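Please brief me on this protein model.

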Amino acid sequence: MEIDRLENQTLVNKLVKTHQVSEQTLELYHSAINWYVNNHFDCQNPENFPSCQQSQKGYKASLKYENNQFYKGFVPCEHLVYQQNRQNFLNRFLLTDFDPLQQEQVFYKTNEQNLKFFALNYDDSKSQEIIQTRINSKEEFLLKQQVVAYYQDVLANKKRYGIYLWGSLGLGKTTLFRFLAIDAAKNHKKTIAFYSVSNLANLLKGSFNNHVESSKKILEQLQIADFLFLDDIGGEPASEWLRDDVLFTVLNYRMTHEKTTFFTSNFSIDRLRKNYQAKIGKTYPGSKEDNELKNERFIERINVLAKEIELIGTNHRIK
Ligand SMILES: [Zn+2]
């Protein structure tokens, strides 16, 4: 790595000019300035940490001027900054059943491109060609576009609640929501919980048996995440425990605290209501009325928390 000493010298000259540094000070801190000029350089290819050429990997030489004094120091280089950003991004996923780093590259190379895709204008013939490489029908594209626009309204605080997106299998509902979750964590510093409800049930069952503490922690993460995505609700075996002790508890908290929640499902909310009531009714220990009441207040939370949108389109997986 060639150090551009001339460029470093130019930076020092600027510093001297801006702060009107005296000759005397320059002489006094001559060695610090020299050290900076000879050692400072920016790193290339920030995503490749092992390629870092700094003498102490991850840190680059810096020079600070304050109170008529020059200070030698080190600041994180481009590699370390990249790593820290990535770690912060991952840390914002409090609970997830997918890998946010892998998911990013499903459509395009970056998530920013994924979202730009949904900003295309269908009526423009060139855009339409691009859209049709991924989505067959205009209706499906416009509905997904509506979902993304709604999400952006939530970010802009124009809307508070989320979306209940339902439709037949293979329409890419989960993929679309993953794009949104990644964007929210990466570009808007939102904390995220994203889990399919059946995976969640298994996760909790495992932890309910062994560690009461960790199930508490899981419920807490589902409650406090800025954005919660409950994926494929209705795909799980309905149980009284899941409905009343898990989902109701979480959704009630989120409703009270006005937190944004998204759902995907193969069923409409009304169908979900009927399925839950019937399935749980078979084994419910209390009265029929009690089951109905609990079912209604559970569904009521979903209705309050999310706008229902039916996604219509053709199955992408069997194309
Ligand atoms: Zn570096």
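Which residue in S7 is the bridge partner of Leu-228? Thr-261 is that partner. This is a predicted model, where local features need pLDDT of at least 70, side-chain atom pairs count only at pLDDT 80 or more, and totals for chains, interfaces and linings use all residues. Residue numbers start from 1 along each chain as its sequence is written.

**Domains**
- The protein chain splits into domain 1 (5-81) and domain 2 (92-310). These bounds come from an automatic or database domain assignment.
- Taken over C-alpha atoms, the centres of domain 1 and domain 2 are 48 Å apart.

**The six-stranded sheet**
- Six strands form an open sheet in the order S3-S5-S6-S7-S4-S8, with parallel pairing. Strands here are DSSP runs of E with at least two residues, helices are runs of H or I with at least four, and both are numbered from the N terminus. Two strands pair if DSSP finds at least two bridges between them.
- Strand S3 (93-96) and S8 are the edges; each has a single partner strand, so one side of each lacks a neighbour in the sheet.
- On average, neighbouring strands of this sheet are turned by 10 degrees against each other, direction ignored. The axes are lines fitted to C-alpha atoms.
- S6 (residues 227-231) and S7 run parallel and are joined by four bridges.

**The hairpin**
- Strand S1 (residues 59-66) runs antiparallel to strand S2 (residues 69-76), with eight bridges between them.
- Lys-64 has Tyr-71 of S2 opposite.
- Two residues lie between the strands of this hairpin, and Asn-67 takes a positive phi near 50 degrees.

**Helix H8**
- H8 (residues 138-155) has 18 residues. From first C-alpha to last, H8 reaches 26 Å, close to the expected 26 Å. The expected span is 1.5 Å times one less than the number of residues.
- Buried in H8 are Glu-140, Phe-141, Leu-143, Lys-144, Val-147, Tyr-151 and Val-154. They sit on the same side of H8, because they cover an arc of only 165 degrees around the axis. That arc is taken from the directions between the helix axis and the C-beta atoms.
- Exposed Ala-149 and Asp-153 are on the face of H8 turned away from the buried side. Buried means 20 or more other C-beta atoms within 10 Å of a residue's own, and exposed means 12 or fewer, with C-beta atoms placed from the backbone.
- The buried residues of H8 pack against helices H7 (125-132) and H9 (173-187), and against strands S4 (162-166), S7 (260-265) and S8 (306-310). Contact means C-beta atoms within 7 Å.
- Just after H8, Asn-157 takes a positive phi of about 60 degrees.

Key. Two residues are in contact if their C-beta atoms, placed from the backbone, lie within 7 Å. Axes are lines fitted to C-alpha atoms, for helices over the stretch in contact, and angles run from 0 to 180 degrees between N-to-C directions.
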